Amino acid sequence: MNPVPLDAAVIDVGSNSVRLVLYRIEGRSIWTVYNEKVLAGLGRDIGQTGRLAPDGVAQAMAALKRFRAVIEAANPEEIFTAATAAVRDAADGQDFVERVQAETGLSLRILSGAEEARYAALGVLAGAPDSRGLVGDLGGASLELTPIGPDGAGPGVTLPLGPFAFGPFPEHNPDILRKAVDERLAGFGNLRTDTFHAVGGAWRNLALIHMHMAGYPLRVVHQYEIRRTEALEACRFVAGQSRRSLETVEGVSKKRAETLPHAAVVLERLIQALDIQKVELSAYGVREGLLFEALDASTAPLDPLVEGCAALSARTGADAALGPMLEAWLAPVFNALAPVMDGRDGVLRAAACRLADLGARLHPDHRADLVFEQVLRAPVAGQNHAERAFLSVAAFARHTSASTIPEAATIARLLPDDARRRARALGAAIRLGCDLTARTPALLVNTRLRLEGDRLLLTTDPQRSDLLLGDQTSRRAGTLASLLNVKLRVGGDGA
């Protein structure tokens with residue numbers, strides 16, 4: 001049974017941005033429906049006056065009044081609010097909260113530093129449950145650092161490392177800033193980690209710049225990985241740029257360009273101080289952490305990739321039983337093969353099976369290409385970029401036996417040859433199962449697919465042997481056998 005969707009709104013009042021995000025929650029899947037932000041710069045004066053910036057307050061109040069009107073029209077079942085470092089630390093922060101309540105009716109929850117760190121870490125885990133290492137959430141005024149591991153999020157710390165927590169520095173002199181950042185990082189060497197999960201708009205923009213520098217073909221920030229040497233090079237490059245030059249980069253706004261060199265210096269010094277070997281970007285953070293915490297105990301442990309793929313297909317009217325049935329039907333074949341996706345083969349197979357009917361309502365002449373594009377760039381959490389490529393190839397092969405895949409250069413960069421061939425085999429197997437039984441789970445249980453040595457066996461109950469007749473069935477099974485480099489045997493059980 002598909003979960004009943006729930007609509008939620010999150011208002012996030014940060015030191016730099018004030019944001020409203022409307023979400024649709026479908027079980028373990030979190031979908032962004034609408035996202036609006038204002039770079040108000042509430043915390044711009046914190047480092048000098050200890051108070052909220054007056055022009056920032058004016059912009060924030062205007063935004064919050066508009067957000068209130070949007071929420072009233074959208075009428076979500078749940079509303080979450082969060083105010084972070086600027087409001088928490090400013091001498092007039094409580095006055096601001098009271099004004100918001102009086103003028104908009106919105107009750108802002110001021111997160112403590114520990115709470116902000118914890119929710120950022122929960123957000124990362126909501127988007128990538130197997131994440132390990134250290135989460136860093138850089139806002140306008142503070143940086144939250146939280147270790148994550150098999151037991152979830154550990155105790156976090158808040159450091160005054162956001163751009164607004166510093167006094168003015170000489171323009172274009174990152175060396176002075178580096179020294180100041182190092183002083184504030186002193187004593188936190190116990191947080192050393194191999195993998196750093198970067199959260200926050202400034203670091204997402206930094207990742208986009210790195211993608212451009214590296215000629216990276218897939219502009220999807222979530223779970224984008226940058227190795228240590230390249231990350232240091234990108235940080236030093238951005239730290240040395242003027243605001244005007246950064247404004248010319250596609251996707252970087254004027255206000256974001258002001259703080260981007262600072263964010264680059266902070267990340268550079270973190271990499272050096274904590275011996276970070278890999279930076280992984282997360283598009284999930286505090287807002288998603290709030291939503292993740294609110295999930296019930298039976299839903300939260302589910303895999304976001306599998307559940308997200310199931311939710312995508314549900315919108316086409318697909319039979320919810322088809323995906324799990326295909327997964328079980330294919331298991332005897334693919335469990336017998338050596339893994340090619342770092343132990344994630346089973347999860348990816350489950351996800352691909354739930355995408356089996358994603359193209360059901362698309363034009364048959366374009367179905368394979370359209371499904372490939374959607375799967376490669378779908379906002380489904382819980383997958384790295386190689387896994388996106390794997391699923392998109394499997395989804396393509398589910399609808400066509402063509403050997404030439406779209407965006408071949410992109411896929412080749414993301415996915416090794418053996419994984420590409422396995423993805424094509426998986427798609428061909430799903431296609432066989434769907435065409436063999438006309439996408440009817442009740443018929444699928446009467447057939448069996450298995451590997452025995454160098455033979456692929458497709459069998460059925462004696463009374464269902466007519467299912468195996470027909471040229472299309474033979475061609476589908478032949479394609480799969482060819483991709484698996486085995487011989488095909490079709491017949492009743494015992495054949």
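Which residues does UniProt list for "domain: Exopolyphosphatase C-terminal"? The unreviewed entry gives residues 344-488. UniProt positions follow the numbering used here, feature names are shortened, and annotations may be inferred rather than shown by experiment.

This is a predicted model: local features need pLDDT of at least 70, side-chain atom pairs count only at pLDDT 80 or more, and totals for chains, interfaces and linings use all residues. Residues are numbered from 1 along each chain as its sequence is written, and side-chain values use heavy atoms, with hydrogens and water left out.

**The listed domain**

Over residues 344-488 the chain is 56% helix and 10% strand. The end C-alpha atoms of this stretch are 27 Å apart. Helices (H or I, at least four residues) and strands (E, at least two) are DSSP runs, numbered from the N terminus.

Helix H14 covers residues 345-354. Its partner here is H12. Two packed helices are described by the angle between their axes and the distance between the axes. The axes of H12 and H14 come within 8 Å and cross at roughly 10°. Axes are lines fitted to C-alpha atoms, for helices over the stretch in contact, and angles run from 0 to 180 degrees between N-to-C directions. H12 and H14 are therefore roughly parallel to each other. Angles under 35 degrees count as roughly parallel, over 145 as roughly antiparallel, 65 to 115 as roughly perpendicular and the rest as oblique. H12 brings Leu305, Val306, Cys309, Ala310 and Ser313 to the contact. H14 brings Val347, Leu348, Ala350, Ala351 and Arg354. Contact means heavy atoms within 4.5 Å.

Ser392 sits in helix H16 (residues 385-399). Its relative accessibility is 0%, so Ser392 counts as buried. Buried means under 20% relative accessible area, exposed over 50%, and partly exposed in between (1.4 Å probe, protein chains only). Leaving out residues up to four places away in sequence, Ser392 touches Phe372, Val375, Leu376 and Ile411. Ser392 and Gly427 are 35 residues apart in sequence, and their C-alpha atoms are 9.4 Å apart in space.

**Nonpolar cores**

A nonpolar core is a set of buried Ala, Val, Leu, Ile, Met, Phe, Trp, Tyr and Cys residues joined through side-chain atoms within 4.5 Å. The largest one has 108 residues. Phe196, Trp203 and Leu270 have the most contacts inside it. Helix H18 (residues 417-436) supplies the largest share of this core, 10 residues. Apart from it lies another core, of 27 residues, among them Val18, Leu20, Leu52 and Ile71.

What does Phe196 touch, not counting residues up to four places away in sequence? Its contacts include Leu134, Val135, Leu145, Trp203, Leu267, Leu270 and Ile276. Lys278 and Glu280 are also among them.

**Salt bridges**

A salt bridge is a side-chain nitrogen of Lys or Arg within 4 Å of a carboxyl oxygen of Asp or Glu. A search of the whole structure finds 34 of them. Here are some examples.

| Pair | Closest N to O |
|---|---|
| Arg24 and Asp7 | 2.5 Å |
| Glu26 and Arg315 | 3.3 Å |

Arg24 lies in strand S2 (residues 18-26) and Asp7 in strand S1 (residues 6-13), so this pair ties together parts that are 17 residues apart in sequence. Arg24 is partly exposed, at 29% relative accessible area. Asp7 is partly exposed too, at 24%.

Asp12 lies in strand S1 and Arg287 in helix H11 (residues 286-294), so the pair ties together parts that are 275 residues apart in sequence. Asp12 counts as buried, at 12% relative accessibility. Arg287 is buried as well, at 13%.

Glu26 in strand S2 pairs with Arg315 in the loop between helix H12 (304-314) and helix H13 (322-334), 289 residues apart. Glu26 is buried, at 13% relative accessible area, whereas Arg315 is partly exposed, at 46%. Elsewhere, shared partners join Asp175, Arg178, Asp182, Arg236, Glu268 and Arg269 into one salt-bridge network.

**Positive phi values**

Most residues other than glycine have a negative phi. Ala438 has a positive phi, near 55°. Ala438 is in the loop between H18 and helix H19 (441-444) and is exposed, at 58% relative accessibility. Phi of Asn485 is also positive, near 60°. Asn485 is in the loop between helix H20 (471-484) and strand S14 (487-490). Asn485 is exposed, with a relative accessible area of 68%.
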